Amino acid sequence: MQGFFLFPDQASTFAGPVDLLYFVLVMLSLLFAGVLPFVVLYLVVRYHRSQQVDRTNPPASDLRLELTWTIIPLILAMIVFFWGAFLYVQMRTIPTQAIDIYVIGKQWMWHTQHSNGKRENNELHVPIGRSVRLIMTSQDVIHSFYVPAFRVKQDVLPGRYTTLWFEATQVGKYHLFCAEYCGTEHSLMGGTVTVMSQSDYQAWLSTPGQVIMPDGTIQAGTVLVNTNDVPSKPITSSSLSDPMALAGEKLFTSLGCVSCHVMAGGGLGPSLKNVFGFDQPLADGSTVKADENYISESILRSTAKVVKGYAAVMPPYQGQLSNDQVNQLLAYIKSLSTRGGTAPSEVPTAAAGATAAPVAADLVAKGKSLFTKIGCVGCHMDNGAGLGPRLKGVYNSTVTLDDGTTVKADEAYLHESIVTSQAKVVKGYSMIMPVYKSQLKDDEVAALIEYVKSLGSAGNQP
Amino acid sequence: MSTTALINHYATNRATTASAWLKSWLLTVDHKRIAILYLISINVFFLLGGLAASAVRLELVTPQGDLMSADMYNRMFTLHGVIMVFFFLIPGIPSVLGNFLIPLMIGARDLAFPKLNLLSWYLYMGGGIFALCAAVFGGVDTGWTFYTPFSTSYSNSNVVLTIAGAFVMGFSSILTGLNFIITIHKMRAPGLTWFRLPLFIWAHYATSLIQILATPVVAIALLLVMVERIWHVGVFDPAIGGDPVLYQHLFWFYSHPAVYIMILPAMGVISELIATFSRRRIFGYEFVAFSSIAIAILGFLVWGHHMYVSSQSVYSGLVFGFITMLVAIPSAIKVFNWTATLYKGSISYRTPMLYALGFIGLFVIGGLTGIFLSVVAVDIHVTDTYFVVAHFHYVMVGGTMMAYLGGIHYWWPKMTGRMYNEAWGAISALVVFVGFNLTFFPQFVMGYLGMPRRYHVYPQEFQIYHVMSTAGSTILGIGFMIPLVYLLLSLRYGRLAGDNPWNAPGLEWQTNSPPPTFNFETQPIVTEEAYAFQPE
């Protein structure tokens, strides 16, 4: 058994203000609960039936007295209420510079996922002195994310996102509890929140650990890193440099979302550029703000709230995507918006970059798998009925373009058509293919070109 | 006398054989007998709920789960909650004391619908048997709140049976409320105007309003849980298209007012006790009367304060917090008026008065910590912790239970014709008060430190508070056992009470103890306000 304490650790910017308010409430309570019993005791002794005291003309009622003990407590109650309300609004106003961390609750475990894809079980590592926003959902029943040392708590609901933010102020390890009863092992659903210095946190982020891959599987002993150029300074909005968003983009492509949600507009689905954080007009004339809940609802139950001007043709993905995968898609869609979430600073690139990049022996095989994985196959269909032209026998053939000119489909043209896809579009097709310039590395483009070449060239079909 | 006064009176005027005697009880339409049926059954449920609480407290002596499995622990706190809330606290004072006293206090022969009153008892027993069957056939592990989608899609326990019990019990509550409202409106003795009514009647009137308006909502919510659980109709579970928070709205729309169903009658009892043992009219009678109505109305507008962290918007959090803060005012008015009643009174320290004074002390702490919880920023930290557990036990046990015991002692001579042992009475009141505080005060401290509720195992640093709490609960348990013994003994050995042992002016004291079947020999006519005490 340990000693007797009255206040828990203070480890966030909320702890001090909440404790002060609590302390004032205790003092005000003592004013009543400490004095009233003595008044009662005095009266019951003084007016005990055995006492010979003046009992003439006992007052039946007194309006002034009634008003006094109505109005004074009312004023005190209003003071503490508005004080608490002010603090509450602060606790619910999420700073724009917050680091996003995704949290998934399930019976009886917490999963957390950092923006670089690093995943933890029943643990959460956060940097000191940075606002952290938790974007939380549950796989099964209602849970509640509770860190007493931070004085924060938020229920975590299935089928919906809730958020919570804090800024840690004290390095150390603190309890993480589930505060909403969730079944047999409810009391074991918890762990620790570790507050680290910012440099320690950066180092921790880059050590290999569990990572969630775009297909929803979990790989241990690795770390996802940026696959394209990353600024080494903190960036203000989540971008494709953020591996979780990148994983989301891969998923976005492999699911074929990309064939309808054409970012340049004109697709069957709306462009997703600058969607997150903005109001979306719906068919019924109302608007809805595209937050985590709206986006995930639009993925899972896609026909629920369709944007004005579009038909409800998107298949619902309920049951086909894990919570982790939905979170990755969210991170990607946020990265497309100027109002997206913010990423942690300085996601390190150097150390693991080399290890993560697979060395492909066979460029064609790599190109083929990329072709499927990023979803090219969804439009460039073999039977020629796709949104994009069929690629069999294209290499070295002469292609007629939109403006009537022709061009020889050599390597340079193929490269250009992948990297800046809308430069020279084949006649009869529209400019809907996304630009892969910033998303594919040179060797990946080369692999794709090799693959297209392998599909046969003009007059020399395999 | 060879037989007890209770049995003597209630048995001899109709029955001669054992089966006729049993029939005379089980088919009675006399509100006093029905009240005694309730008294016995409610106390049996209280004992069962208390046993479950003891199991919970014993398990929590050590941080590890060593006395029982997690599943058993979860079933125990659920059993404790379900029984205490639905089968003790909600029906408690209205069904026993209200049933017995409302007709007597207003000078009526019975309630407006005596057969409906008996039906209410059978519904109560039916609901109770459902809930007990659920416990016997393996228990239920959802907590008394039955939160979805855990209760509808994930729990592997007897949810439907338990909910059916609460559902059936709800009808008992609605019918009782209906009966009381009509009785109070239509059957008052000549001259008994609204402002001559004892405050006990005002409190029960306010309670009955809540019972008939709020109970149907929880009945619907519970029915929907059963429908979703049995037929998988998506109402609350998002996996099949439902909304899990919708359940919380429906549930708390009843269950918050239900707290006032528990505490308002208790406040009515306390008003009677303080008036009688100070020999004074309650100070500020109208303010106390209308504060009951104000609490009943405000009570309907604060359900969202159970849901500050359940994804509610900031604005709803602020509005619910504000209205919750307002509930503190009528509660404070009552406490101040009771205190002012003592001034220039002629006070005697009898057992009911000791319970009443204990009630004031504990209710003040329960009420003040309620203010902590309506300060939203503080509530976020302490909700779903032991702070909340301590708060509602201060209100429900410190409030309702103290008033129930005080009321039972006060009207015991009227109900049975016998006096209980005054010395043991004083001892029990003291033991309950000390045991209660030792049990629940440490829970405020550990709640603020972050100890979540409904935890089977917990971190080491909370052990000291749990040990104190369990020690206190042992004392509290003894405190509850003492009255059970001496009250039962008084049925045989207690001295005869006489019609008006407290020399009180209420109508219930103007008839025999125990009262005859139709209460009054002649129709009483009221010419004075309530609490017109004669100088001694």
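**View 1. Surroundings of Val388(B).** Outside the four places on either side in sequence, Val388(B) touches Leu373(B), Val382(B), Thr383(B), Gly447(B) and Arg453(B). Contact here requires C-beta atoms, placed from the backbone, within 7 Å of each other. The model is predicted; local features need pLDDT of at least 70, side-chain atom pairs count only at pLDDT 80 or more, and totals for chains, interfaces and linings use all residues. Residues are numbered from 1 along each chain as its sequence is written, while chains are lettered from A and ligands numbered from 1 in the order in which they are written. Val388(B) sits in helix α15 (residues 386-416) of chain B. Helices (H or I, at least four residues) and strands (E, at least two) are DSSP runs, numbered from the N terminus. With 20 other C-beta atoms within 10 Å, Val388(B) is buried. Buried means 20 or more other C-beta atoms within 10 Å of the residue's own, exposed means 12 or fewer, and partly exposed lies in between, with C-beta atoms placed from the backbone. Gln443(B) is 55 residues from Val388(B) in sequence, yet their C-alpha atoms are 8.7 Å apart.

**View 2. The open sheet of chain A.** Five strands make up this mixed sheet, in the order β4-β10-β9-β6-β7 of chain A. Strands count as paired if DSSP finds at least two bridges between them. β4 (123-127) and β7 of chain A are the edge strands, each pairing on one side only. Direction ignored, neighbouring strands are turned by 20° against each other on average. Helix α3 (residues 198-206) of chain A packs on the sheet and touches β4 and β10 of chain A; the direction of the helix makes about 130° with that of β4(A). Axes are lines fitted to C-alpha atoms, for helices over the stretch in contact, and angles run from 0 to 180 degrees between N-to-C directions. β9(A) and β10(A) (residues 190-196) run antiparallel, joined by 6 bridges. Within β10(A), Thr192(A) is the bridge partner of His175(A).

**View 3. The hairpin of β6(A) and β7(A).** These two strands pair in the antiparallel sense over 5 bridges. Ser144(A) has Asp155(A) as its bridge partner in β7(A). The hairpin has 4 residues between the strands, and Arg151(A) takes a positive phi near 60° there. In a regular strand the side chains alternate between the two faces of the sheet. Both faces of β7(A) are covered: Val152(A), Gln154(A) and Val156(A) are buried on one side, Lys153(A) and Asp155(A) on the other. With 5 of its 5 residues buried, β7(A) is largely enclosed by the rest of the structure.

**View 4. The largest nonpolar core.** This core holds 239 residues; Val103(A), Ile83(B), Ile270(B) and Ala377(B) touch the most other members. A nonpolar core is a set of buried Ala, Val, Leu, Ile, Met, Phe, Trp, Tyr and Cys residues joined through C-beta atoms within 7 Å. Helix α10 (residues 244-278) of chain B gives the most, 22 residues. Domain 1 (1-45 + 63-93) and domain 2 (99-222) of chain A both contribute, so the core lies between them. Domain bounds come from an automatic or database domain assignment. Beyond four places in sequence, Val103(A) touches Trp110(A), Thr112(A), Leu134(A), Ile135(A), Met136(A), Phe145(A) and Val156(A). A second, separate core of 21 residues includes Ala245(A), Leu251(A), Phe252(A) and Ile333(A).

**View 5. Contact between chains A and B.** Here 70 residues of chain A are in contact with 73 residues of chain B. On the chain A side, α1 (15-46), α2 (63-92), β6 (143-147), β7 (152-156) and β9 (172-178) each supply at least two residues. α2(A) gives the largest share, 15 residues. By class, the chain A side has 44 nonpolar, 15 polar and 11 charged residues. Nonpolar covers Ala, Val, Leu, Ile, Met, Phe, Trp, Tyr, Cys and Pro; charged covers Asp, Glu, Lys and Arg; the others, Gly among them, are polar.

**View 6. Backbone features in chain B.** A cis peptide bond with omega about -5° joins Thr148(B) and Pro149(B). Pro149(B) lies in the loop between α6 (114-136) and α7 (150-154) of chain B. Ser513(B) and Pro514(B) are also joined by a cis peptide bond, with omega about -15°. Ser311(B), not a glycine, has a positive phi near 90°. Ser311(B) is partly exposed, with 19 other C-beta atoms within 10 Å. Lys344(B) has a positive phi of about 60°, and is buried, with 20 other C-beta atoms within 10 Å.

Conventions
Contact = placed C-beta atoms within 7 Å.
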